[in-house]
Amino acid sequence: MGSRSSHAAVIPDVDTIRRETGFSQASLLRLHHRFRALDRDKKGYLSRMDLQQIGALAVNPLGDCIIDSFFPSRSQRLDFSGFVRVLAHFRPVEEESPGIRDPKQPEPLNSRMNKLRFAFQLYDLDGDGLISRQEMLQVLRLMVGVQVTEEQLESIADRTVQEADEDGDGAVSFLEFTKSLEKMNIEQKMSIRILK
Amino acid sequence: MEKGLSGLRGRDFELSDVFYFSKKGLEAIVEDEVTQRFSSEELVSWNLLTRTNVNFQYISARLTLVWVLGVLVRYCVLLPLRVTLAFIGISLLVIGTTLVGQLPDSSLKNRLSELVHLTCCRICVRALSGTIHYHNKQHRPQKGGICVANHTSPIDVLILTTDGCYAMVGQVHGGLMGIIQRAMVKACPHVWFERSEMKDRHLVTKRLKEHIADKKKLPILIFPEGTCINNTSVMMFKKGSFEIGGTIHPVAIKYNPQFGDAFWNSSKYNMVSYLLRMMTSWAIVCDVWYMPPMTREEGEDAVQFANRVKSAIAIQGGLTELPWDGGLKRAKVKDTFKEEQQKNYSKMIAGNGPLS
C-alpha cells in the first residue's frame, strides 16, 4: 500500500540513464511505466511487434522508419535504456545559455545537432551519411503512398536534393542538411512537451 | 496536418516535413489514446484499495491503519457474505430455468421465466453489492428491438437484466458459464453461437433477423464494441449489429470508479479472479441511462448510423468518443487508416498543380 519502495529502484541503471538523457526522475518513471505497458508479454524488452501495435503509430506513414530507428544494427530487442535514449532526442531544450555547459561533456541528446541527426537518419536508409536521390524518393514514397505518380515524385525529389546539395555530388550530406534547415525552429518542432 | 507542416517555403515538400511525422510517431509511442483505455482508470483520490494504488505513496500510519481495517472488512466480512449470495443466486438460476424449461411454451412459461431471471439476477447483483440507478425508465427496450450498450465487463449483462429480460447473443462457453448458458436457453430463447459460426457473419445476421422479426421475443442485447473498454471512453461500434434493421434502443452504462473498478482486463485476469476482485471491492455503483429509440435514416449507411448511436451514448454517459477499434488491443490496425494519412499529405505537396 502506501509504503511501497520508490519505483526508481526497479529501473536498471537509472543513474546512468538520467545522466545521459537528462530526464527528470518523474519522467523516467512515467516512461518506465509506459515501457512495461507496451511490453504486453512481460518479456522485459520490446520487439518490433509491440511498437507496431500502437494504432496511431501504425497509421503514421513513417511508422516503420521510426520503429527502425529504435532498433539499430539489426538487433530485435529493445531494452529500456535504448527506448529512453531515442525518446531523449525529443526532450524539450532547456533555456540555459551554452556558455555554462561543460565543453568536455558529451553533447546532450536533445541538442539541436542531435535532433537533426535523428531526422537525417530517418532519410538516410543505408546509413552511409548521405541522402541519395534514391533514398529521398523512397522516403517520399512512404509518406504519400500510392497517391502521387512516379514522375511527380521524382521531380519533387530532384528539386529537394538540388536545393540542398551544395558541393554538387548529387546527394545531401549531414552538413548540407543542417545548412538547409538552419532557419527552422528545430527545438520546437522536434520536442514533445510532456517529456521534461 | 496543415498546421503542423507549414514551413518556410509555402506548401511544397520540404526536408523538414519528416519532423512532423516523426514527432507524431514518437508522441504516439509515449502515450496513445487506445492503449490507455485498456487499463483501469486512474483515480483522483485513493479509495483504500491496493489495486488502485498506482501513484500514491506512504502518507501516515493512521492511513495504513484505516487501510488494514478496510482489508479486514472487505475480505473477512463482505467476501464470505457475497460468495454465499452468489452461490445461492446461480444455483437458483440454474434450477429455476431448468424447471421452467420443462413447461410447454405458453405465456405462463414466459412470465415464470421472467420471474426466475429477474429474481436470480437481483440476488447476483446483491452478491456484488451493486447499487444501480436507472434513468429514463420509460425508454426501456421493447420486445422486437435491439438493445445496444457500451461494454466494460460481463457484469454489464447482470446490471441490465435486473431491470428487464433480454435475449443474449454470445459465444458458447465451457465450464460454469456454459452451464448457465445452457440452463438459460431452456427457459427463454437466447441466441448462443458456436465459435465457428460467429465467423460467418451472414449466418449471424440471419439468425438475429429471425429473432427480431418475431415481435413476441425479447429484445436482443448486443455490445457493438466487441470487447471490454475501461469505461472512460466509447470505441468504434462494429457495424454488424446496425445492419440487421429494426429499432435500436441505446443504453449508456457508467460505473463510479470510487467504489470499485469494474473493468475486466481479460488479458490480465481470468473470470474467477475478476469476480473475486469484484467481490472484494467496496461496491459496484453505476448509472444506467435508457435512451429514446433510434432507427436508421434514409441515405444513412450502417457505419454512419453506428457512429450516430455511439455519439449519443458517449454524450449521455459522459464518456469520450474514440474512432479507434477496440479490437486493436489484439490485432493490428487496418492499412486503410494509413492510406488516409498518406492521402492528406499528398494532397498538400502535390495538389499545388504541376511542379516546374
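Trainee: What percentage of the 196 residues of chain A count as buried?

Mentor: This is a predicted model, in which local features need pLDDT of at least 70 and side-chain atom pairs count only at pLDDT 80 or more, while totals for chains, interfaces and linings use all residues. Residues are numbered from 1 along each chain as its sequence is written, chains are lettered from A and ligands numbered from 1 in the order in which they are written, and side-chain values use heavy atoms, with hydrogens and water left out. Buried means under 20% relative accessible area, exposed means over 50%, and partly exposed lies in between, with a 1.4 Å probe and protein chains only. For the 196 residues of chain A, the buried share is 47%.

Trainee: Which residues does A:Thr178 touch, not counting residues up to four places away in sequence?

Mentor: A:Thr178 is found in helix 10 (residues 174-180) of chain A, and at 11% relative accessibility this threonine counts as buried. A contact means heavy atoms within 4.5 Å. With residues up to four places away in sequence left out, A:Thr178 touches A:Met113 and A:Leu116.

Trainee: With which residue does A:Glu166 form a salt bridge?

Mentor: A salt bridge is a side-chain nitrogen of Lys or Arg within 4 Å of a carboxyl oxygen of Asp or Glu, and the closest N and O atoms of the pair in question are 3.5 Å apart. The pair links distant parts of the chain, 13 residues apart, since A:Glu166 lies in the loop between helix 9 (150-164) and strand 2 (171-173) of chain A, and its partner lies in helix 10 of chain A.

Trainee: What is the strand order of the open sheet in chain B?

Mentor: Two strands pair if DSSP finds at least two bridges between them. The open sheet of chain B has seven strands with mixed pairing, and its twist averages 25° from one strand to the next, where axes are lines fitted to C-alpha atoms, for helices over the stretch in contact, and angles run from 0 to 180 degrees between N-to-C directions. Strand 1 (130-135) and strand 4 (191-193) each have a single partner strand, so one side of each is left without a neighbour in the sheet. The strand order in chain B is 1-8-7-2-5-3-4.

Trainee: Which residue is the bridge partner of B:Gly170 in strand 4 of chain B?

Mentor: Strand 3 (residues 167-171) of chain B pairs in the parallel sense with strand 5 (residues 220-222) over two bridges, and B:Ala167 stands opposite B:Ile220 in strand 5. Strand 3 also pairs in the parallel sense with strand 4, over three bridges. In strand 4 of chain B, the bridge partner of B:Gly170 is B:Trp192.

Trainee: B:Arg140 or B:Asp163, which of the two counts as buried?

Mentor: Their side chains meet in a salt bridge (3.3 Å, N to O). B:Arg140 lies in the loop between strand 1 and strand 2 of chain B and B:Asp163 in the loop between helix 5 (155-161) and strand 3, so the pair ties together parts that are 23 residues apart in sequence. B:Arg140 is partly exposed, with a relative accessible area of 29%. The residue that counts as buried, at 9% relative accessibility, is B:Asp163.

Trainee: What relative accessible area does B:Asn136 have?

Mentor: Most residues other than glycine have a negative phi. B:Asn136, although not a glycine, has a positive phi of about 55°, and its place is in the loop between strand 1 and strand 2 (146-149) of chain B. B:Asn136 is partly exposed, with a relative accessible area of 32%.

Definitions and conventions: Helices (H or I, at least four residues) and strands (E, at least two) are DSSP runs, numbered from the N terminus.
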